[in-house]
Amino acid sequence: MVVFDIKTFLIVNIFFGIQASSTPYRIYDMVAEGVCKTRRILLFDNILTQSDPIHLSNPERGAIFRQTWNASSFKKFSDCKFYLQAPPRMGLYLTISKAHLRKNSRGHCIDNIVVKKSNDKKYTFCDAMEDDDELRVYTDNRGWMRVTVILDTTLALKTLDDTIEVQFIATVKRDCDNLEGYARCEDDEDGSCISKDFFEDGFVNCPECVDEKGCVKDSEQVQILNPSNVLLSAIISLLATMFLFGGCLWCLYRYRHCIGNCNSNSAMARNNQNSLTVSADQIQVELQSSANDVHPSAPPAEDKDLPPSYDSLFPVVNSGRNSPQP
């Protein structure tokens with residue numbers, strides 16, 4: 001009985017081992033493979049997390065990058081960044097099949113994903129999806145992409161059962177000239193052929209879900225609220241303000257003599273202006289006073305001198321008793 005159980009166990013393992021080896025994908029657990037670096041100083045993460053690109057040398061074999069964090073494990077890691085490189089003269093398809101990230105009450109992203117293509121265009125978004133139906137597919141004809149998962153480790157998950165989950169599928173595409181075992185992802189694109197092993201395998205590799213029975217529309221892009229960007233912007237603003245303030249102080253110190261002369265000249269100009277104003281006022285007052293002092297040249301009629309009266313010149317003598325006799 002024990003021997004039978006051992007044989008059954010070995011047969012099952014061999015069967016699933018064959019199944020796993022025949023899959024057209026190389027599975028990358030992002031933490032176990034070292035894609036997600038341990039948390040360091042925030043300002044130096046973009047420099048210290050640089051790594052060699054992951055070469056997808058076999059166009060018939062894709063890659064799946066996946067990771068799930070719980071309430072305690074995600075605090076140990078900062079940005080999860082990896083580079084994808086296709087063989088020469090081949091391109092890439094990148095599918096974001098899972099993105100269980102967080103948003104705040106305003107709909108702004110707390111965690112986000114940044115996809116950068118070879119033309120330096122960046123696509124930043126987040127999704128807090130309740131199912132796995134929504135996805136995004138990006139393409140690059142030069143065969144180079146960079147994927148970054150930015151986690152806000154300062155904010156804890158709401159409950160201990162909450163998780164953060166991401167999954168990416170990378171597929172090499174090539175020209176379709178007389179290739180057996182390949183099929184087009186895009187009808188109007190010559191360099192869009194992928195291996196037929198990727199068709200109807202349960203993973204979307206092509207835009208518009210050509211390789212599968214169908215998929216839904218792209219998930220909605222929302223505004224990103226990343227604390228690292230906010231902190232970096234605040235530091236840059238502070239440095240710019242300090243530089244501008246220091247430049248103003250230097251200019252004031254450098255041209256302090258000119259400022260004194262300018263002040264004295266301004267004071268003299270104000271004094272001259274005030275003196276001119278006072279002189280004008282004085283002239284106006286003098287004119288008004290002169291106008292008030294003017295009198296008519298002829299006195300009034302009642303004030304004229306009259307000639308003496310006749311009685312005063314020739315008084316009359318009364319004849320009486322006491323008057324002298326001639």
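Visitor: Which cysteine forms a disulfide with Cys36, and how far apart are their sulfur atoms?
Guide: In this predicted model, a disulfide counts as a pair of cysteine sulfur atoms within 2.5 Å. The partner that meets this criterion for Cys36 is Cys80, with a sulfur separation of 2.0 Å.

Visitor: How many residues apart in the chain are Cys36 and Cys80, and in which strands do they lie?
Guide: Cys36 belongs to strand 2 (residues 36–38), while Cys80 belongs to strand 5 (residues 77–85). The pair therefore links distant parts of the chain, and the separation is 44 residues.

Visitor: Is the disulfide of Cys36 and Cys80 right-handed or left-handed?
Guide: The handedness follows from the torsion about the S-S bond, which is about 115° for Cys36 and Cys80. The disulfide is therefore right-handed.

Visitor: How many disulfides does a search of the whole structure find?
Guide: A disulfide is a covalent bond between the sulfur atoms of two cysteines. Among those found is the link of Cys36 and Cys80, and another joins Cys176 to Cys193. The search of the whole structure gives a total of four.

Visitor: Which parts of the chain does the disulfide of Cys176 and Cys193 tie together, and how many residues apart are they?
Guide: The sulfur atoms of Cys176 and Cys193 are 1.8 Å apart. Cys176 is in the loop between strand 11 and strand 12 (182–184), and Cys193 is in strand 13 (residues 193–195). The parts so joined are separated in sequence by 17 residues.

Visitor: Is the link of Cys185 and Cys206 left-handed or right-handed?
Guide: Cys185 and Cys206 are joined by a disulfide with an S to S distance of 1.7 Å. Cys185 lies in the loop between strand 12 and strand 13, and Cys206 in the loop between strand 13 and helix 3 (227–254). Both Cys185 and Cys206 are buried. With -45° about the S-S bond, their link is left-handed.

Visitor: What is the order of the strands in the open sheet of five strands?
Guide: The edge strands, each pairing on one side only, are strand 1 and strand 9 (136–140). Neighbouring strands of the sheet are turned by 15° against each other on average, with direction ignored. The pairing is mixed, and the order is 1-4-11-6-9.

Visitor: How many bridges join strand 1 to strand 4, and how many pair strand 4 with strand 11?
Guide: Strand 1 (residues 25–29) runs parallel to strand 4, and Asp29 has Arg66 as its bridge partner there. Strand 4 and strand 11 (residues 164–173) instead pair in the antiparallel sense, where Gln67 stands opposite Val166 and Trp69 opposite Ile164. The numbers of bridges are five for strand 1 with strand 4 and seven for strand 4 with strand 11.

Visitor: How many residues of strand 4 are buried?
Guide: Strand 4 spans residues 62–69 and is mostly covered. Of its eight residues, the number buried is six.

Visitor: Which side chain of opposite charge is nearest to Glu212, and how far away is it?
Guide: Glu212 is located in the loop between strand 13 and helix 3. The residue is buried yet has no salt bridge, a contact that would need a distance within 4 Å. The nearest side chain of opposite charge is that of Lys213, at 8.1 Å.

Visitor: Which backbone nitrogen does the side chain of Glu212 reach?
Guide: A polar contact requires N or O atoms within 3.5 Å. The side chain of Glu212 reaches a backbone nitrogen at 3.4 Å, and that nitrogen belongs to Gly202.

Conventions: Residues numbered from 1 in each chain as written. Predicted model: local features only at pLDDT ≥ 70, side-chain atom pairs only at ≥ 80, totals over all residues. Heavy atoms only, no water. Buried < 20%, exposed > 50% of the residue type's maximum accessible area, 1.4 Å probe, protein only. Helix = DSSP H or I, 4+ residues; strand = E, 2+ residues; numbered from the N terminus. Pairing = 2+ DSSP bridges. Axes fitted to C-alpha atoms, helices over the stretch in contact; angles between N-to-C directions. Lys, Arg positive; Asp, Glu negative; His and termini not counted. Polar contact = N/O pair within 3.5 Å; in protein donor to acceptor, adjacent residues only side chain to side chain.
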